[in-house]
Amino acid sequence: MKDIKLGNFEELVLLLVGVLYDQAYSVKIVQEYENQTGKKINVSAIHTVLYRLEEKGFLESRLSESTSERGGKRKRLFYLTPFATKALDELASLREKLRHQMPQQVFKTA
């Protein structure tokens, strides 16, 4: 887990890419983020994180085929790398392990 350097927002974007699977492009990720969280987000914020995650090796991308509905423009689709799925599994496992170590009193006072 030493090699995994992810912020909370980066982790959330990775999870959204996984949820969307082969439909994970920036506009769709923004829509899914807003649906899942109930919060608004700017598409440029998503672009920044997507490219940063690609540089870190968590994502890879490729261009889709052009479509007439987009005026011939192609979408850049993002996919999780094996490194990303391993990182998400390790982070989820660590969070679950720590949460189960918390005494029940913590949940009664919250």
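Where does Gly72 lie?

## The loop around Gly72

Gly72 is found in the loop between strand S1 (59–63) and strand S2 (76–80). Strands (E, at least two residues) and helices (H or I, at least four) are DSSP runs, numbered from the N terminus.

## Basis of the model

This is a predicted model, in which local features need pLDDT of at least 70 and side-chain atom pairs count only at pLDDT 80 or more, while totals for chains, interfaces and linings use all residues. Residues are numbered from 1 along each chain as its sequence is written, and side-chain values use heavy atoms, with hydrogens and water left out.

## Surroundings of Gly72

Gly72 counts as partly exposed because its relative accessibility is 40%. On this scale, buried means under 20% relative accessible area, exposed over 50%, and partly exposed in between (1.4 Å probe, protein chains only). Not counting residues up to four places away in sequence, Gly72 touches Ser66 and Thr67; contact means heavy atoms within 4.5 Å.

## Tyr21 between two helices

Tyr21 is placed in the loop between helix H1 (8–20) and helix H2 (26–37). Although Tyr21 is not a glycine, it has a positive phi of about 45°. Tyr21 counts as exposed because its relative accessibility is 58%.

## The largest nonpolar core

A nonpolar core is a set of buried Ala, Val, Leu, Ile, Met, Phe, Trp, Tyr and Cys residues joined through side-chain atoms within 4.5 Å. The largest one has 22 residues, of which Val17, Ile29 and Leu50 touch the most other members. H1, H2, helix H3 (43–55) and helix H4 (82–100) each supply at least two residues of this core, and H1 gives the largest share, 5 residues.

Leaving aside neighbours within four places in sequence, Leu50 is in contact with Val13, Val17, Ser26, Ile29, Leu59 and Phe78.
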